[in-house]
Structure formats: C-alpha cells, structure tokens
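Subject: The structure, and what turned up in it

Hello,

Here is the structure I promised to pass on to you.

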Amino acid sequence: MTARFFLTVAIFLFAISNCYAVHGIIWRKQKQEFVQLFSIPQFAALQKENIAKHRAMEMQDMSGVVVKAVYYEVKNIVMFYDNDTKVMGACGELWPVLAEYLNFTFIPVKIEEQIFGTMLKNGTYTGLVGMLAQGKADVIMRSGYFKDRTSLVDYTTPLWKSAFHIYVRPEWLFDNSWVFTLLSPEMWFFVVCSFVILSFFGYFLQKIPMDKKHKRKNSVDFSLGDHFFYSFAMMTARGYIPDSFYNKFKILSLSKSIFAWLILLAFSSHLIYRMTNKQMTLPFTDLQTLFNNTKYILLAFRGSFSFEALNSKNIDSNGKNSFARIHFIDNAEDMQSKICNNLKKYAMYEIEDRYMALARSGCPLYAMGSYNNTWITFAVRKDFRYKKTINSAIIKLRETGLLNGLKEYWLGSKRTNKEPINFKMIDFHQVYLIFLILCYGILISLVILVLENITYYNTK
C-alpha cells in the first residue's frame, strides 16, 4: 500500500512539473467520488513548490549581468546615438526599459553590414547570426521567427506579427465603360424589355377595330417601326414626338413619359460620380503576374531573413529564371528611396513593420499579397540562461500597454490599404417602383379600352 502511494505521488509529481494539471481530478476512495487533484494537501503542496520553482527560474536576478545586443541601424526601428552607446526606436528603445526593469547592464553593439546572416562554406555564419555564434553578442535586437534557424538561436516572446508584401504605386484611371456599367445587367434587361413590349403593345392596340363614329379625330395609324422610333424618343426624352402619336393613347403615353423621366433621373444622379470617379488599377496581382505580365523590377532587401525564400520564387511560368528581374539592395532605406524616385519601374518586396517605419518620410505605396507571415521578436544565444526572465518582462510590458505605445509612436498607425468605395450599379430593387408606375399606366389604359368597347357595344 505504501509503495502504491509513493508511486502515485511520483507519477503526479512528474505530471505537475510538466503539464500543470490545474483542473485534474482524482478518485478519492474515502469519499467514493472524484475530487480536484490539488484539493488534496500533499498534491497542493507539491504544486505550490513547483510553481515557486518555475517562477524563480523565470524571474532570475540579473543584477550585474551584462547583455550585449547587436543590430544595424534602421530608421525608427533601431537607431544608435551618443557615440553608438544608446539606442532608440520601436525595438531599440525596449532594451533600456528592460535593463532598468530587470537591473542588468545593457551594451548596444552596432554593425555596419545590414545582413541577418548567411552560412559560409566552412560552416560559419556572417552578419547578426554570426555575432551570436561567435559569442560577440547575446541578443539580436530585432528578428523574425525563422524555423530553419532554431538550431542556431532561440527566440523570446513575440513582440508583434508582420508579413512581407509587394509594394507598388497603383494607377488611378477613369473608367470609360460607365455607359454600360451604370445600370446592372438585370436593370438593362428590364428597360429593354419594357421598351420592346410597349412598342408592340401600342402597335397592336391601334389594330383593334373601331367604328368611325368613335374614332378620334385626326387619328393616324402608325407602323411598327414608327412605334419603336417614337417610343425610344419618348423614353430617352429626345426628338420630336407627333401630337397624333402622343394623343392616340394619352394615359399610356403619359405613363411612359413618367417612367422615362424617373429612369433618366436615376441614371443622371449617378452619372456625374461615375464619369468623374477614378478607379485604382494595379499592374499585377502577385509575384507570378509581376514576372509574366509586366516589366517591373522587384527590389528586395538583401539582409532580410526571407532572402532564401524569395530566391526560390524566381521562376516564371515558362520555367525561366527571373533572377535578373530582382534587384537586391544592401540598405533598406536606399530601397525605399529608389522606388520613390521611379515608381513606374520598380516594385518592392518588404516586410510590413519596416515599411511602416521607413514610409513615414517616403512615398505612399499599395501593399498587395501576403508572404512569409512571421512573428517579430528578439533572437538570443542558445545558451542564454535569462531568456525566460526576458520573456516575463516582455509580457509585463505588453500588459501595461508600453509595448503597443512604443510601436504606435515609432511606426505610426497601422497602414492598411483602405478599400475604395466601389460604385454600385443601379439595381432593379432600387427602381422597381418606377416600373410599377408604368404597369399601372398600362393597366389603366386597358381598363379604359375595355370600358370604351363595352360602352360602344351597349349603345350600338
């Protein structure tokens, strides 16, 4: 019995240390029911001891610890000043705050070469990753979470999420097809059908035989072509309409005039907006259409951690290598200025948060596509023992709103592509009342026609 008890305690001790089974239950033989695991004093004490141990590991005393953080200068993200002994920016300014909160000594290290790190033939790494691998730094002040590099570095709690986009300046053009797209296809169908039906209806209506005594004075029989021509003139409010045609069936003619006036009113109310409105036209939709359908040159930052991923996309639909259409720039700020100087020649492959930081003084571009979504975080050495302590401090900064405040201050409001308010064609549901007026006019004309014939035959 004693061995069984200690075995159970050992199993639950292992579960507690690895799983934190807060809502676990256990069968209590004395009560003949399931009870919460930590309602038992022995397990509650073990759980309390385990939590205290983990908290102690997470919040280690960093007094006297020296943390070297390395990065290259990027405007509004990591900027060095005071002889490169201090940093500021969306990511850089977090480290003095962490140093003050955790009481460690922070030493920024600036490198001139803007490259995250590539492996050489001898197995060593260059750039920021190389600095960590060689023990010259403990932390990279800004990094994306890259799964392929988890064997080289560890990552702290993410700061925010970002993605790569293709940035290009859209063209704003007038839509010359407004005469066809002003009304919906359903609306065009009803208007044309109404025009045809009314023309045939008027033509056959005059064919009804009438006694010469009751026939209107100066009444003229018009051909089917005349009915089409004059009905069209009436419905478009253009051209001369003979009085004999208009007065032949006054109520029907009046209802057609009202119908035409209301349709033209609805048409003209949208016409000015449609003719003066410009629509945004993008020269391509993704990387494939950029290479296949345009002559744009894609600019990309050589130091980006997605450098290899972008190279794998350099094949067009014909199987040809389109590497010549991609220009890799060594400096992110130079890439922004290059595209702004020639917007019709270049497009840019850039990560969102860096674009937001640099675009505050640059030209506005449109982001399209979303590639290589990643978390922006800090990269640390594999043997960095204070990673959990840094993680806990970052969580505290996020809870107090300081992290979001720094991001908002340095990167500005999140730049999203506001979808333009698209013009909505005039739909039948918007103007069905106009058609009802026309239908009522036709019905009233038919009723009067029937009454006239009944009166005629009764008085004959």
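Helices (H or I, at least four residues) and strands (E, at least two) are DSSP runs, numbered from the N terminus. Counted in that way, the protein chain has 16 helices and 15 strands. Please keep in mind that this is a predicted model.

**The chain as a whole**

The protein chain has 460 residues, and 43% of them count as buried. Among contacts in the protein chain with a separation of 6 or more, 74% are between residues 24 or more positions apart.

**Two helix pairs**

You might start with helix α6 (residues 185–205) and helix α7 (residues 224–235). Their axes are 9 Å apart, and the two helices pack at an angle of about 130°. Angles from 65 to 115 degrees count as roughly perpendicular and those over 145 as roughly antiparallel, so α6 and α7 are oblique to each other. The crossing of α6 past α7 is right-handed. On the α6 side, the residues in the contact are F195, V196, S199, F200, G202 and Y203; on the α7 side they are L224, H227, F228, S231, F232 and M235. Sorted by class, this contact of α6 with α7 holds eight nonpolar residues, four polar ones and no charged ones.

The other pair is helix α3 (residues 94–102) with helix α14 (residues 387–399). Here the axes come within 11 Å and cross at roughly 110°. That angle falls in the range of 65 to 115 degrees, so α3 and α14 are roughly perpendicular to each other. From α3, the residues L94, W95, V97, L98, Y101 and L102 meet T389, I390, A393, I394, K396 and L397 of α14. The contact of α3 with α14 is made up of 10 nonpolar residues, one polar and one charged.

You will find L402 in helix α15 (residues 402–411). Leaving out neighbours within four places in sequence, L402 is in contact with V97 and L397. L402 and V97 are 305 residues apart along the chain, yet their C-alpha atoms are separated by 9.7 Å. L402 has 34% relative accessibility, so it counts as partly exposed.

K68 lies in strand β3 (residues 66–71). Which residues does K68 touch, once neighbours within four places in sequence are set aside? They are I107, V109, K136, A137, D138 and V139. With V139, the C-alpha to C-alpha distance is 6.3 Å, although K68 and V139 are 71 residues apart in sequence. K68 counts as partly exposed because its relative accessibility is 35%.

S143 is in strand β7 (residues 139–144). Is S143 buried or exposed? With 1% relative accessibility, against a limit of under 20%, S143 counts as buried. Not counting residues up to four places away in sequence, S143 touches F116, Y155, W375, I376, T377 and A379.

**Backbone angles to look at**

Most residues other than glycine have a negative phi. Two residues here are worth a look for that angle. D84, which is not a glycine, has a positive phi of about 65°. D84 is found in the loop between β4 (79–81) and β5 (86–88). Its relative accessible area is 32%, so D84 is partly exposed.

N372 is not a glycine either, and has a positive phi of about 50°. N372 counts as partly exposed because its relative accessibility is 31%.

**Cysteines**

A disulfide is a covalent bond between the sulfur atoms of two cysteines. How many disulfides does the count come to? With a pair of cysteine sulfur atoms needing to lie within 2.5 Å, the count comes to zero disulfides. As for where individual cysteines sit, C91 has 0% relative accessibility and so counts as buried. C193, at 27% relative accessibility, counts as partly exposed.

Best wishes

Conventions. Residues numbered from 1 in each chain as written. Predicted model: local features only at pLDDT ≥ 70, side-chain atom pairs only at ≥ 80, totals over all residues. Heavy atoms only, no water. Buried < 20%, exposed > 50% of the residue type's maximum accessible area, 1.4 Å probe, protein only. Axes fitted to C-alpha atoms, helices over the stretch in contact; angles between N-to-C directions. Parallel < 35°, antiparallel > 145°, perpendicular 65-115°, else oblique. Left-handed = near helix turned anticlockwise from the far one by under 90°. Contact = heavy atoms within 4.5 Å. Nonpolar A, V, L, I, M, F, W, Y, C, P; charged D, E, K, R; others polar.
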